[in-house]
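Biologist: Please show me the model. Then we can go through it by question and answer.

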Amino acid sequence: MRVKLCRSWNFLIALPVLLSMQAQVGLSASKSDLTTKAERSQWVETGRYEEVERLCKAYQKTYPEKVKCFTFGTTAEGRPMLALAIGEKSYLLPSREKSRKRPVVLFQGGIHAGEIDGKDAGFWFIRDMLDGKILPDALKKVTLVFVPVFNVDGHERFGANNRPNQIGPKEMGWRTTAQNYNINRDYMKADAPETKAMITLLRSWDPLAYVDLHVTDGAKFQHDIALVIEPSLSGSMALRSVAEGLRGKAMADLKADGSLPLPYYPSFVTDDDPSSGISPKPASVRFSNGYWALSNRIGVLVETHSWKPYAHRVKSTYDALKTVIASAVISGADWRKASDAADAETAALIGKDLALSYKSTNKSTPIEFLGYAYTRKPSAVSGQLMTRYDDEKPEVWKIPFFPEVETKVEARVPKSFVIPSAYRNLFEERLKLHGIRYEILKTPWKAKAEAFRTKIISAGKGPNESHQRMEYEGAWEPVEGEELAGSLRVDLDQPQAKLAMLLLDPTSADSLLAWGYMNQIFERKEYMEAYVAEEVAETMLKVPTIKAEFDEKLKDPDFVKDPEKRLDFFAQRHQSFDRKYLMYPVLRIL
Ligand SMILES: [Zn+2]
């Protein structure tokens, strides 16, 4: 049914008497105002952002006691980032204190704006909740925060061909932001204004569960939805245990609702080869669910399968929200206890080794995966093996599953990190954003510390999220630490110690050093002229230990025929050599 939306809405707000009459007869006119274009088009199309702006206000007007529509940020192109808080009136403003009394669940659509199921499912879901059609009384026990579209500018880059591996809607938004950031790689470094706004929103509401609604492509198979609930294979046992409870109930509920759900991300060890199996790993901090789990709360990644029609996908997203929120009602108090326990454990990590990344072990177990018949044959087009699925022929694949992970990179959690004042601007904004406690040193600081000396392996391949990453290794070495007033000290006896480690330890793949924010440390800026170096070398060769070392080097034919390397041997041992070259400026105190 087509409704002239704006007109009927204006009519209603102009006539409050009629509105109250409408309320008594079930608010039929305003209810149709609360539908999405997706619903009205039988899930063929999805609306533009103008619809989100209109619905956000309309929901608040229709349910003034239970909904608050608000702006929590502005995109790079200047669009408002909107959210709806849903619950009892006194809980509709962000308050960490209130969040402690009543669990908050925050869910978002359109982080990848072409995968827009979450927006249309979310509006439908909250309307049914507000009308008491599902989860009656749940809003007396939980508060919801719904962000219909996270990547708003991407959503407005609207077109029919934005998702070549997806069935519907007819047109949709684009994966990345207007600045071409993939926000679901940005949670730790937080470059995009949209990410900064989202993290601020998360920190102000402190949801016990954060749900990120996506659509995945990749292979063709029968499973229609996956819930990747973190923490799973790493992190606090208390939190893993409640996440396990949520996972179990979600799988059972989704099956009861007619889905074929998966509790892990459906991608294969070898991308297009199902027989290679599945090896789940803890989500990295750059992803929404990893970020929130490493903040000691539950992170839920929902991925519907792109080869299911839009109507089906929206319904299964709706069902996913229903089960997560039902669990929050039942288990919210346990989630809170587990989160508190995880906070306390994290604040006591000093002196321990913390895993910063993981890899799967070789141990595998066969599983049954609901796929389709497929062939892998050489392709005349690409010259490689290509996979062709026959989605008319359901088939059970028996594939290896790698359930275990082991530490790939670990680092000792120090007592403190000290960030030199020269780098304060780079770090301070991010420390604040992530809720990492720090102190600004009021007087010059001097103490025994350690510095990380790197050795470049290679430059990373091309830009990554606008950064040139460097591959390096290195080791901590003792130094006499000395920094100016205005430097920052981060003590690790705090609930955000894991985030602090991932941001500050140079061996973390998500540290600012690894992301290429401090590539200047890899550049040598002062040299000794060759004719000076020749003279210096002659003098230095009079020292027997240096001569012996040089003679040893001369056994290497590559060294022998490289005049630059030969002179550099002496430059590096000379007092004029830059001791800060290749040195990570952030110090640690064990
Ligand atoms: Zn996605």
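Modeller: One definition to start: two strands pair if DSSP finds at least two bridges between them. Helices (H or I, at least four residues) and strands (E, at least two) are DSSP runs, numbered from the N terminus. This is a predicted model, so local features need pLDDT of at least 70 and side-chain atom pairs pLDDT 80 or more, while totals for chains, interfaces and linings use all residues. Residues are numbered from 1 along each chain as its sequence is written, and side-chain values use heavy atoms, without hydrogens or water.

Biologist: In what order do the eight strands of the open sheet lie?

Modeller: The pairing in this sheet is mixed. Strand 1 (67–74) and strand 7 (261–262) each have a single partner strand, so one side of each is left without a neighbour in the sheet. They are the edges, and the order is 1-2-4-3-5-8-6-7.

Biologist: At about what angle to strand 1 does helix 9 run?

Modeller: Helix 9 (residues 193–205) lies across strands 1, 2, 3, 4 and 5. Angles run from 0 to 180 degrees between N-to-C directions, with axes fitted to C-alpha atoms, for helices over the stretch in contact. To strand 1, helix 9 makes about 140°.

Biologist: How are the donor residues of the zinc ion spaced in sequence?

Modeller: His-112 (ND1), Glu-115 (two OE entries) and His-214 (ND1) coordinate the ion at 2.0 to 2.8 Å. Donors are N, O and S atoms within 2.8 Å of the metal (3.2 Å for Na, K and Ca), and the site may look incomplete as water is not among the atoms. The spacing is H-x2-E-x98-H.

Biologist: How many residues apart are Glu-115 and His-214, and are they buried or exposed?

Modeller: Glu-115 is in the loop between strand 3 and helix 7 (117–130), and His-214 is in strand 5, so the pair links distant parts of the chain, 99 residues apart. Buried means under 20% relative accessible area, exposed over 50%, partly exposed in between (1.4 Å probe, protein chains only). Both residues are buried.

Biologist: Which strands are the edges of the six-stranded open sheet?

Modeller: Pairing here is antiparallel, in the order 14-17-13-18-15-16. Two strands have a single partner each, so one side of each lacks a neighbour in the sheet. They are strand 14 (439–440) and strand 16.

Biologist: What is the bridge partner of Phe-452 in strand 16?

Modeller: Strand 15 (residues 445–464) and strand 16 (residues 467–483) run antiparallel, joined by 16 bridges. They form a hairpin with two residues between them, and Glu-465 in the turn has a positive phi of about 55°. Phe-452 is bridged to Trp-476.

Biologist: Which residue of strand 18 is the bridge partner of Glu-450?

Modeller: Strand 15 also pairs with strand 18 (residues 583–589), antiparallel, over three bridges. The partner of Glu-450 is Arg-588.

Note on methods. Contact = heavy atoms within 4.5 Å.
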